[in-house]
Amino acid sequence: MLDHRETVEWMSVPQITLEEEEKVRGRNAFLGESPGLSSNDAPLPSQLGLNLAPPLNTPETSPSPSGLLSLPWEMVARIASHLPAQCVINVLPQVCRALGEVGEDTSAWQLRAHRLTGPKTSFPVGPRDNFDWPTACLEMEQLIERWARQEEWAACQRVAQVQEAEGEQEIEEIPEQDGADEEGEEAAGAVNGAAHEAVIEPDRPQASQEDVEDRPVRHREGEVRDDNAAPIIRDEGRENGIAGGVAEDGQNYQNHPEGGGGDRRQDNDNLEDMMYEAADEGAVTDPPPARSPSPPPALEHITLPSGHIADVNSVLLVGGEGAVCASGSRDRNVNLWDLRRGPRGVLLRTLGGRGLYSTHRGWVWCLAASGPLLASGSFDSTVRLWDLEAGGAERGLIRGRAAVLCLSCQADTLLAGSHDQKVSIYDTRAAEPLVKSLRLHGDAVLCLASDEQYILSGSKDNTVAVFDRRAGRLLKKVQLKSYLLSMSYSGREVWAGDNHGLVHTFSMNEGSFKSIAQFNVGHSSLVTGVHNSPGTLYTCSSDRTIKVHLPCAPPKTLCTLHHQAGVNGLSVEAGVLAIASGDMNVEVWRPRQ
C-alpha cells in the first residue's frame with residue numbers, strides 16, 4: 001500500500017506504452033544500442049556488465065561491436081560479397097572503418113570472382129600475386145550488366161529489320177488476286193518465314209507444314225506470341241567448356257523430372273480443345289493481352305557517319321573517356337571523330353599535312369597513342385605523328401624502309417613493327433628519332449605490346465619474342481603452331497589472337513615468360529583484335545563476329561555480335577567499344593546516358 005507521497009512520485013514518472021517501447025527497441029537494435037536504455041537513464045552497473053572496482057591500470061577501451069559487426073568476420077565478408085563491387089569499394093569505407101576493411105579482404109574478392117566466373121573455370125589466368133581483385137570484380141560486374149542481354153536485343157532488332165524488308169517486298173510483288181490465291185500466298189509466306197527463321201536460329205529444328213499451319217500469329221516488331229512455347233535456349237558456351245543454357249529472357253531453364261508437368265500439359269490441351277469448340281460455335285474470344293516491350297539494353301549502338309570510302313583497318317579510342325575516336329582506312333586517311341556530339345557522333349577532321357590530299361600515300365594499317373600524341377602507320381613505310389591537343393595538327397614524320405604493320409606507344413617512346421622483320425624503337429622528341437632496330441624474327445612483325453620494361457612482338461614466322469628493354473637483350477622466344485595477329489598486354493597477362501581463330505594466353509612474372517593455354521572461343525577465322533583488362537576480354541574476327549568474355553580459363557562468353565562484314569580491329573576505353581569494319585564504317589557501343 002503506497003502512501004500519498006509515494007503515489008505522487010509514481011504518477012510523476014512518464015508512462016511508456018507498449019507501442020512506444022517497441023519503437024525504441026527497434027531503433028536501438030538498428031543503432032546497435034542496448035535495449036531499454038536512453039540517454040537520460042542511469043543504468044545499474046549490473047545492467048552494463050561492468051566491474052566498478054578500480055583496476056591497477058586503466059587502459060582506454062572501446063565498446064564491444066554489436067549488430068552486423070558482432071558477427072564472425074568470415075560471415076561479414078560473405079555477406080559483403082553479395083553487395084555490388086561498386087558499393088564495397090566506394091560506400092562501405094564511408095560507413096565505418098571496420099566495414100571499409102571488407103574491401104581489403106582478398107578472400108572476399110576471390111569468393112566474388114569465383115561466383116561470377118563459375119565453378120568450372122580458373123581465374124585469374126596469370127599469376128595471383130598482387131593481382132588487382134577489386135578492379136577485376138568491378139569490371140566483370142559491369143561487363144555482365146552491360147552485355148548479358150545485348151546479343152538478344154541485337155538479334156531481335158535484326159529479325160525485325162529482315163521481316164520489315166520482306167514485308168515491303170511482298171507488298172510490292174503480290175498482284176491483285178482472288179480470295180483463293182490470297183490464301184495460297186499466305187500459306188507460302190508462312191513456309192518461307194519458317195525457313196528464314198531456321199536460317200537465323202540454326203539450333204532451332206526446321207518447321208514442318210503442319211507446324212506452319214498451327215504457327216501463332218506474328219505481330220509487329222518481329223514478335224511471335226505463343227505463351228505455351230518453350231523458350232529458345234542458346235548454348236553459347238558449350239564450345240568454351242561452359243555448361244548450361246541461357247534462354248532469350250535471360251533465365252536458366254531445366255527439364256522437368258519424369259512425371260512432372262504432365263497434368264499441366266493435359267490441362268493446356270483440354271483448354272485448346274474448348275477454345276476450338278467455342279470458335280466453331282461462333283463464340284468470340286478476347287485476344288490475349290499484349291506483352292510489355294522489353295527494356296532497352298544498357299548499351300547504345302551507333303554507326304558513325306560515312307567518312308571513309310574504303311575498308312577501315314584500324315580504330316582507336318583516345319582521351320581516356322572514350323569520347324574521341326580515330327580511324328585509319330585503306331582510303332589512306334585518318335579521321336578524328338567526336339562521339340559526344342550529336343546522336344551518332346561528328347567527324348572533326350581528316351588528318352593531313354601541307355600539300356597532301358590524304359593523310360598517307362598508302363593504306364593506313366595501324367594506330368597508337370600516348371597522352372596527346374597520336375601515331376599512324378602506313379604501307380607507305382612512314383609513321384606520322386599528330387598532336388591531339390592542337391586539334392590533330394601534324395607533329396612529325398618518321399620514315400622507315402618497309403610497310404608499317406603495327407605500333408605501340410609508351411610515353412615518348414614509339415615502337416613500330418614492319419614487313420622487313422624489324423621492331424624499331426623511336427624517340428618522338430628527337431630530331432633523329434630512330435634509337436634502335438631489333439631483328440627478332442624471320443618474317444613480318446604483325447603485332448606489338450609493351451610496357452616500361454618489356455617489348456612483346458608476334459610474327460608471321462609463328463614466334464613470340466620478349467625483349468628486355470632495361471637489359472637490352474632478348475629475354476625469350478616462344479615457337480607456336482600458328483602466327484599471332486593481335487595482342488593485348490595487361491598487368492602480367494598477355495592475350496593474343498591467331499590466324500586459326502584461337503585465343504592464346506601467356507604469363508609474365510618476374511622476368512619469366514611462358515605460354516599458359518589456348519582456347520577456342522568460337523571464332524572460325526583470323527582473330528584480328530583483342531583487348532584485355534583485369535576483368536574484361538573482347539575479341540573480333542574476320543568471320544564477322546565480335547565476342548565479349550570474362551577473362552577466365554576457359555573464357556566465359558557473355559555476348560556474340562554478328563556483323564555484316566569482316567571486323568578488322570577493335571578498341572575499348574571507359575566501357576566504350578569501337579570496331580573497324582570491312583564495309584567502310586566505324587561502329588560504337590557505349591553506355592546509355
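## Overall make-up

The model is predicted. The chain has 593 residues, and 39% of them count as buried. Its secondary structure comprises 13 helices and 30 strands.

The accessible surface comes to about 34,600 Å². Carbon and sulfur atoms account for 50% of that area. Take the contacts between residues at least 6 apart in sequence: 47% of them join residues at least 24 apart.

## Strand β13

Strand β13 spans residues 413-418. Five of its six residues are buried, each with under 20% relative accessible area. The strand is therefore largely enclosed by the rest of the structure. In a regular strand, side chains alternate between the two faces of the sheet.

## Pairing with β12

Strand β12 covers residues 404-410. It runs antiparallel to β13, and six bridges join the two. Within this pairing, Cys409 stands opposite Leu414 of β13.

β12 and β13 form a hairpin with two residues between the strands. Ala411 takes a positive phi there, near 55°.

## Pairing with β14

Strand β14 covers residues 423-427. β13 and β14 are also antiparallel, joined by five bridges. Here Ala416 stands opposite Ser424 of β14.

This pair forms a hairpin too, with four residues between the strands. Gln421 lies in the turn and has a positive phi of about 75°.

Note on methods:
Residues are numbered from 1 along each chain as its sequence is written. This is a predicted model: local features need pLDDT of at least 70, side-chain atom pairs count only at pLDDT 80 or more; totals for chains, interfaces and linings use all residues. Side-chain values use heavy atoms; hydrogens and water are left out. Buried means under 20% relative accessible area, exposed over 50%, partly exposed in between (1.4 Å probe, protein chains only). Contact means heavy atoms within 4.5 Å. Accessible areas come from the Shrake-Rupley method with a 1.4 Å probe; for residues, only the protein chains shown count as cover. Two strands pair if DSSP finds at least two bridges between them.
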